Structure formats: C-alpha cells, structure tokens
Amino acid sequence: MANLLSACEAFQPSKEIDMKEEAERAAREEIKEQQDAAYRASLEADRQKAEMLERVRVEEQEKLLAKEREAQTVIQKRVKEEAKQRELKERLPSEPPDDGSAKLALLRFRFPNGSQMTRRFLAKDELNLLFMFVASQGYPQPKFRIKANFPKKEISALDDSLSFEKAGLCPRETLF
C-alpha cells in the first residue's frame, strides 16, 4: 500500500501538470472559439456591408438610367414637336401681300415668352389657319388659348371653320 501511496504521490505532480495543461488547452480552445465567432461575425458584417453598397450602387445606377430615359423622352418629345412645327409651317399658305387687292386681317400676336409677331391673313380664310400658325410658333391649341383683348373674347373657343371676317378679326386685332 505504501508503494501505491508513493506512486500516487509521485504521479500527483504529473497529474497537476496535466490538469494545468488541460486547463490551458481549454482556455486556448475557448479563446480560439471566441476569435472564430468574432471572425465569422466580422465576415457577416463585411458581407452585409458589401450587399448594402451593391444595393446602393444598383439603385444609383437605376436612378441614372431613369434620368437618362427621361432625358431621352424629353428630347424625343421636343424633336417630335419641332418636326410638327416645321410641318405646320410648310403647310401654311404664304402671307398675302398688302397691295389692296384683297381684304386682309392684320393680326399682331403676343406670345407667352414675350415675343411679338405680326402676320396677315386673307379675311375669307378660316380660323384653322390662325390655329395652325400659332401652333407652328410652338403654341399648340390644347395647351394654349388665344384671346383678343378688346372686345374680350376667346378666339380658341370659336369654330375653326369661321372666317377671320366673321370672327371679327378684320381689319386688325391683337391676340394674346
């Protein structure tokens, strides 16, 4: 029994060393697990940040594309309007001469942009020429109304088949 006790006493320091080493290994493992968890959390945070940055980049790209499409639409609309204005100008009959050979309606236009223009029409011509002329200047009838100041009346509300004379625009009138 004495041998057994002496063997136990001799083994005790070795056992304490082993227990100490096991505690250190467990502490190292715990630290390693904490570091691994922190690393995984960091990777997840980096992944989420990268996803957020990608979403922001995609959203900005979509906004930019939307602005470009809108700009293209505006340009196409403007080109169509200009083409329509050119077509209307080409379809308008030439301005009649002021030589006294025919009764004329001399109209002065004051446009919304502040510009003014004077144009002669034959008194027997229909008002649709007036509407066509104003539209050829960039002011189409549905968007803009044509009014006479004295007596006050809205010309754009009149029937476009009326002549200038029947509409009371002869010999001269100022239109807004």
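This is a predicted model: local features need pLDDT of at least 70, side-chain atom pairs count only at pLDDT 80 or more; totals for chains, interfaces and linings use all residues.
Met1 sits in the segment before helix 1, which runs 2-91. Together with Leu4 and Leu5, Met1 makes a nonpolar patch on the surface, with about 380 Å² of accessible area between the three.

Now, on to charges. How many salt bridges does a search of the whole structure find? Seven. Let me walk you along helix 1 for some of them. Arg25 pairs with Glu22 at 2.4 Å, N to O, and these two are three residues apart in helix 1, about one turn. Arg25 is partly exposed at 36%, and Glu22 is too, at 39%.

Further along, Glu54 and Arg57 meet at 2.4 Å, N to O, again three residues apart in helix 1. Glu54 has 37% relative accessible area and Arg57 has 41%.

Then there's Glu87 with Arg91, at 3.6 Å, N to O. Those are four residues apart in helix 1, so about one helical turn separates them. We also get a network: Glu44, Arg47 and Glu51 are joined by salt bridges that share partners.

Last stop, the inside. The largest nonpolar core has 25 residues, and among the members touching the most others are Leu107, Leu130, Phe164 and Leu169. Strand 1 (104-110) and helix 2 (127-136) each supply at least two residues, with helix 2 giving the most, eight. As for Phe164, its contacts beyond four places in sequence include Leu107, Phe121, Leu130, Leu169 and Cys170.

Conventions
Residues are numbered from 1 along each chain as its sequence is written. Side-chain values use heavy atoms; hydrogens and water are left out. A nonpolar core is a set of buried Ala, Val, Leu, Ile, Met, Phe, Trp, Tyr and Cys residues joined through side-chain atoms within 4.5 Å. Buried means under 20% relative accessible area, exposed over 50%, partly exposed in between (1.4 Å probe, protein chains only). Contact means heavy atoms within 4.5 Å. Patches are made of residues with over 30% relative accessible area and no salt bridge: like charges are joined within 9 Å, nonpolar side chains (Val, Leu, Ile, Met, Phe, Trp, Tyr) within 5 Å. Accessible areas come from the Shrake-Rupley method with a 1.4 Å probe; for residues, only the protein chains shown count as cover. A salt bridge is a side-chain nitrogen of Lys or Arg within 4 Å of a carboxyl oxygen of Asp or Glu.
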